[in-house]
Each structure stands twice: as C-alpha cells, then as structure tokens.
Amino acid sequence: MTDTSAALSRVFCAIDTTDLDHAAGLAGRLGPSLGGVKLGLEFVNAHGPAGVRKVAEAGHPIFLDLKYHDIPNTVAGAVRAATGTCQPFMLNVHASGGRAMMEAARDAAASAAHAAGIAKPLVIAVTVLTSLDDADLTAVGQYGPTVSQVVRLARLTQDCGLDGIVCSAREITAVRAACGRDFKLIVPGIRPSWSETGDQKRIMTPADAIRAGADYLVIGRPITGASDPAEAVARIAADIADA
C-alpha cells in the first residue's frame with residue numbers, strides 16, 4: 001500500500017444530501033482506496049436503507065451516522081434493523097444515552113450481524129458534537145471544560161464495550177491517555193488549511209489530526225463542495241501522507 005493509499009484509508013467522506021443520484025455518483029468518483037463514506041440523517045430520512053445500499057454499490061464501507069439516542073429497547077431495535085438492512089462498517093449512538101442504552105446497542109449489533117452472516121459493525125458513541133464549545137455546554141447544564149466531558153463519556157463508552165468514540169481532534173490526546181491505543185477515535189470537524197471553517201468550532205487540519213492519533217477522519221464540505229472532489233481528496237491524502 002502506498003503512502004497515499006494508506007492515507008486515504010483513514011478518510012470517510014461525509015455525503016450530506018437528499019439527492020440520491022448525486023450521492024451515488026460522488027461515491028463512485030472518490031477512488032477505491034477511500035476509507036468509506038458517511039451517510040447521515042438527511043440522506044437516510046430521504047432514501048432509507050435502499051438508498052444506503054445504492055451508495056454502497058461504489059464499494060466503499062459505510063459509516064451510518066444516525067446518532068441513536070433513546071430508551072435502550074428502542075435503540076437496540078434501531079441498531080438491529082440498521083445492521084441487517086444497511087450492513088454498515090460503522091454506526092453510532094450518543095454516549096449521553098447512558099450505560100444501558102450503549103450496552104443494548106452493542107449487543108443488538110452483534111446479534112444482528114451474526115443472524116445475517118456479516119461482520120459486526122463498529123459501534124461507536126458520540127461524545128460532544130463538534131459544533132459545540134464550552135459556552136454551549138454550560139447553556140445546557142453540562143459544566144466543566146469540553147475536554148472533561150468528552151473524557152468522561154469516552155471512559156463510559158469503553159467500559160460499556162463499544163469500539164470507540166466520535167470526538168474532536170482537540171480531545172484526542174486526553175482520550176488516548178484515558179482509554180489507550182486500541183480504542184477507536186473517529187474525528188469530524190476536519191478542515192484542510194485551504195478550506196473554509198463553516199459551522200465547526202473545534203477543528204484541526206487532517207495532518208495535525210493524524211499526528212495527534214486519530215484513527216479515522218470524517219471530512220465533508222472540503223470534498224463535496226469542491227469543484228473537483230477527486231482533486232480535493234488527492235490534496236487531503238497528500239497532507240495526511242506527509243504526517
């Protein structure tokens with residue numbers, strides 16, 4: 001595997017659209033070495049599992065970003081259904097849903113994958129959304145620095161037997177110290193130096209995030225909003241390879 005291919009395998013492209021043809025076409029243009037594509041609420045609410053399967057025809061692993069947060073039985077049912085119908089590489093829940101909910105999600109993913117004869121998806125938990133900062137947390141009654149809340153939720157997630165978390169790049173070092181090397185860190189809010197920040201507040205460049213210890217980077221608008229998405233992917237891969 002070349003350095004560029006290795007770099008690309010760490011990247012999930014966030015495809016946030018309700019246009020099925022555009023999503024499927026974009027996935028087909030992003031190259032075979034890409035880590036995968038992320039499909040979220042906007043896309044899945046418009047097209048459901050059939051739309052997910054259509055995008056998956058390009059051959060990329062799917063990160064199903066639906067951030068489940070409900071009572072344990074409901075989340076278990078949702079994870080079971082998503083695992084069987086969408087066959088994702090990775091899916092997520094909100095860590096703030098608590099221990100029972102996360103354990104139910106873990107068990108549902110394993111049982112559904114076994115029943116379908118497929119690999120169990122990585123089940124990860126969202127800690128603090130990258131659109132939030134300390135002031136936003138205070139406003140909803142979560143006091144203390146953002147990093148402290150992320151680490152608390154990361155430890156709980158690991159204790160529940162999940163595979164990793166979603167966090168911003170700025171919390172990587174603290175989470176690694178708390179949870180170790182084998183705990184997966186999926187990092188959104190990634191913005192190359194040549195792109196616009198947008199609505200993300202806790203951001204970092206791809207190279208800096210990899211140096212800090214991220215396992216997977218989730219990158220959306222710098223790729224999907226580019227006039228040439230494939231060229232944007234190549235620039236990002238070069239940045240990561242240098243790291």
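Visitor: What is the handedness of the crossing where H4 passes H5?
Guide: In this predicted model, the crossing of H4 past H5 is right-handed.

Visitor: At what angle do helix H4 and H5 pack, and how far apart are their axes?
Guide: Helix H4, residues 72-86, packs against H5 at an angle of about 30°, and the axes are 8 Å apart.

Visitor: Are they roughly parallel or roughly perpendicular, then?
Guide: Angles under 35 degrees count as roughly parallel, and H4 and H5 are therefore roughly parallel to each other.

Visitor: Which residues make the contact?
Guide: From H4, the contact is made by Pro72, Val75, Ala76, Val79, Arg80 and Thr83. H5 contributes Ala100, Met101, Ala104, Ala105, Ala108, Ala109, Ser111, Ala112 and Ala113.

Visitor: Turning to the strands, how many close into a barrel, and in what order?
Guide: Eight strands form the closed barrel, ordered S1-S2-S3-S4-S5-S6-S7-S8, with parallel pairing. From one strand to the next, the twist averages 25°.

Visitor: Which strands does S1 pair with?
Guide: Strand S1, residues 11-15, pairs with strand S2, residues 36-40, in the parallel sense over four bridges. S1 is also joined to strand S8, residues 216-219, by three bridges, and these two strands run parallel as well.

Visitor: Is S1 mostly covered or exposed?
Guide: S1 is mostly covered, as five of its five residues are buried. Val11, Cys13 and Ile15 lie on one side, Phe12 and Ala14 on the other, and both faces are covered.

Visitor: A change of topic: how many residues has the largest nonpolar core, and which have the most contacts inside it?
Guide: The largest nonpolar core has 65 residues, and Val93, Val175 and Leu217 have the most contacts inside it. Helix H5, residues 99-116, supplies the largest share of this core, with six residues. Another core, of 11 residues, lies apart from it and includes Phe63, Leu122, Val166 and Ile186.

Visitor: What is Leu217 in contact with, leaving aside its neighbours within four places in sequence?
Guide: With those neighbours left aside, Leu217 is in contact with Arg10, Val11, Phe12, Val187, Ile190, Pro206, Ala209, Ile210 and Ile240.

How values were computed: Residues are numbered from 1 along each chain as its sequence is written. This is a predicted model: local features need pLDDT of at least 70, side-chain atom pairs count only at pLDDT 80 or more; totals for chains, interfaces and linings use all residues. Side-chain values use heavy atoms; hydrogens and water are left out. Two strands pair if DSSP finds at least two bridges between them. Axes are lines fitted to C-alpha atoms, for helices over the stretch in contact, and angles run from 0 to 180 degrees between N-to-C directions. A nonpolar core is a set of buried Ala, Val, Leu, Ile, Met, Phe, Trp, Tyr and Cys residues joined through side-chain atoms within 4.5 Å. Buried means under 20% relative accessible area, exposed over 50%, partly exposed in between (1.4 Å probe, protein chains only). Contact means heavy atoms within 4.5 Å. Angles under 35 degrees count as roughly parallel, over 145 as roughly antiparallel, 65 to 115 as roughly perpendicular and the rest as oblique. A crossing is left-handed if the near helix is turned anticlockwise from the far one by less than a right angle, and right-handed if clockwise.
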